[in-house]
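Here are my notes on the model you sent over. Have it open next to you while you read, and take the points in order.

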Amino acid sequence: MSAVFNAADLQGNIVRGYRKPRARYLILEVTNREWARRWLTDITSGRDNGLPQITSEAPWGDTKPDSCFNIGLTYQGLRALGAPAASLATFPTEFIEGMNARAVKLGDTGASAAELWPFPFNHPQRVHLIATIYADAPAELDRIQNLAIGDGRALTLLGTRDGAGFNGDYVHFGYLDNLTQPRFAEVHDPDRYADGQPMAPLGTVLLGYPTNFEGLLFRVPQPERLGLNGSFNAFRMLQQDVAGFEAYLDRAADDLMAHPKLDEVLPPGAEAKIGGGLSRPAALRELVAAHLCGRWRNGLPLALYPDGDQVPSDVNMTNFDYVGASRCPVGAHIRRCNPRGGQIVQRVANNSRRLIRRGLPYGPAYNPAHPDGQERGLLGNFIGANLGAQFEAMACDWLNLGLQDPRVTGSNDPLLGANDPLTSWFDLPLRSGGSIRLRGLPRFVTTRGGAYTFLPSLPAIRHLGALTD
Amino acid sequence: MADEPSWFERWVDELLNNDRFQRLAAKILVPYWAWRTAVKPQPGGPHFSMQPGDNVMRMMNLVMPLKDKSPVGRAKAALAIAQNKDEIYAGLDNVGTVHFARFVIVADNICMFSVYDGDFTNYIRDFIATIGSVFDAVVGLVEGGDAVIPSERNIEAFIDWVHAHDLYQVPDLATDLLRDQEAVNGAQPCTAGNDLRLLPRALILQLHVNSNVSLGSGYRAYPGYSVAQVRQQLGIGW
């Protein structure tokens, strides 16, 4: 609850997650402007009118609903709904251009190029609205989908994408995810541990509030009723090459087994601390996996537990920092994307590029005993008040260029980066202060679609529904 | 051979060296031609590149026309820089990705030339976030500047405004110039884009709408290194 904003005004999937095991994304095109406006009015009426109702941030009481329903609009969607030009011009440039046009900056090149994305994401002019259904059971997803689309006179369904957890909060590369999010003084979220990071100002995620930059405010799209309490989302469909990832760990472990400094990487007997009694090569695989990510696969951060993942349960996995000689590699995925309080080149940016991340895996769990050709990955939402200052800043300067620390500049994120095996590298730090350079990392994650969406408040959705002419 | 230039083409090629024709071209032909073939001014600054080495040591050439085009106006601009120099330099220092930056008055423009790493918008946003309204004293003297100050409250518009004053960097490769021209006009790349005979025409039309440009992306004695990499190598901290 908050005294700052009215919880019933806010879409419910922004400052907190629903923790539903399934989500379906409906990618929609406005069929008819008048009917689409009426649809927006109807999904925010709060009445039983046969359409799913937008889930707000208002408390549920004792019973969690069977499903939740939320929407995001692209710039093309706002245009299709007939938002006036003067209003459209108050949206930020990166949102107006759209995710496809920002490809090079986001590392969406080569196999990730937007031209190669499957329909409908290769037709950004037609992607107007992305509605998300969250539920426990597939039948409920179908039911809400049918209610939402109806006879199709308001919106045309261009495609769907289904996400589903397969092992709690574990994701396809086998790591425990969903461990940290920005915390807000105004939002009570009992699922979040204190993480040693400063509370995020509300303007990190909602438009119209103070940001992490002292004195600096992000522009609220006009009219105020449209922009206030809204947010922006980078929706990404990220394909994960699990077989390729595991094969790389095999190769890296083999290389390390033959390395003259092997005993410094893994002192004799230290394998007992990893994975509950693994062989040396198997322990090295896990050690490399932990260094690439910055966490062991069970979620324990290297910054706190550099020697192994065997720690009594119920530890706080989020309360750590990178000050001093942290054992977490500078190039590790979680450190690259959020440097916390560690020293970085951009002295004012330690906390200013933070994002809310909400996602679910898609595709079946990978079974190494029965390799298949199925596509799998993550349907991710990277939410913040300013796409340029947060998502894009993180993606281009930190994830892919490595500007934040001269020791990683010129390398890409080992897990998510636009890596090419001919040029990629990752430094595995040694206790002595030196490092071993791992090479030949292929691209493990390929972008298969996405869109920048505006997540309007409920009054904003009603405002769009009430547009005339 | 069919590709052999005809007498007419040879005559046309020679026209560029003819004084009388050049005067005619500048006064009548180019304006008429520009009216017939509308060309949009190219956006300023470097493209983001797939090569990491191209995304460091990038050049910003801001040319901002002063409102007051007189010695008094130029003196005001000089004073605005001088009075706020310490804060401006502190801001650049905190951005962390700026190699060099300097302020120059050229004719009735106050110019800021700098070399920076990574994304342009992050550079400008972090700069404004650090020094707040100090830079507004400079922006307020520039044509159109009032619409984007206070910059802290108009950060998106301010970044777009700065971007619009950053000079177009004429590509080092001729074919890239033709590609830029097609991109800004919303045209699909076509084979004509690689016809180098169109280069002089493309350049003249672009310079007609864009009188100040940067020629290429500039010389670097040690390309591909970030500020922090250089400072780390020199042992002066980063």
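1. Start with how chain A divides up. The domain assignment gives domain 1 as 7–239 + 450–465 and domain 2 as 240–354 + 408–448. Bear in mind throughout that this is a predicted model.

2. Now for the two chains. Chain B puts 30 residues in contact with 26 residues of chain A. On the chain B side, the elements giving two or more residues are helix 3 (71–95), helix 4 (120–131), helix 6 (155–165) and helix 9 (227–234). Helix 4 of chain B has the largest share, at seven residues. By class, the chain B side splits into nine nonpolar, 13 polar and eight charged residues.

3. Then have a look at the nonpolar core. The largest one holds 171 residues, and the members that touch the most others in it are Ala131(A) and Ile128(B). Both domain 1 and domain 2 of chain A supply at least three residues to this core.

4. What is Ile128(B) in contact with, once its neighbours within four places in sequence are left aside? In chain A the partner is Leu216(A), and in chain B the partners are Phe135(B), Ser151(B), Glu152(B), Ile155(B) and Phe158(B).

5. Last, the sheet in chain B. Three strands make up an open sheet in the order 1-3-2, with antiparallel pairing. Strand 1 (58–65) and strand 2 (98–106) of chain B are at the edges with a single partner strand each, so each has one side without a neighbour in the sheet. From one strand to the next, the twist averages 15 degrees.

6. One detail on that sheet: strand 1 and strand 3 (residues 109–116) of chain B pair in the antiparallel sense over eight bridges. If you want a pair to find on screen, take Arg58(B), whose bridge partner in strand 3 of chain B is Tyr116(B).

Note on methods
Residues are numbered from 1 along each chain as its sequence is written. Chains are lettered from A and ligands numbered from 1 in the order in which they are written. This is a predicted model: local features need pLDDT of at least 70, side-chain atom pairs count only at pLDDT 80 or more; totals for chains, interfaces and linings use all residues. Domain bounds come from an automatic or database domain assignment. Two residues are in contact if their C-beta atoms, placed from the backbone, lie within 7 Å. Helices (H or I, at least four residues) and strands (E, at least two) are DSSP runs, numbered from the N terminus. Ala, Val, Leu, Ile, Met, Phe, Trp, Tyr, Cys and Pro count as nonpolar, Asp, Glu, Lys and Arg as charged, and the others, Gly among them, as polar. A nonpolar core is a set of buried Ala, Val, Leu, Ile, Met, Phe, Trp, Tyr and Cys residues joined through C-beta atoms within 7 Å. A residue is buried if 20 or more other C-beta atoms lie within 10 Å of its own, exposed if 12 or fewer, and partly exposed in between; C-beta atoms are placed from the backbone. Two strands pair if DSSP finds at least two bridges between them. Axes are lines fitted to C-alpha atoms, for helices over the stretch in contact, and angles run from 0 to 180 degrees between N-to-C directions.
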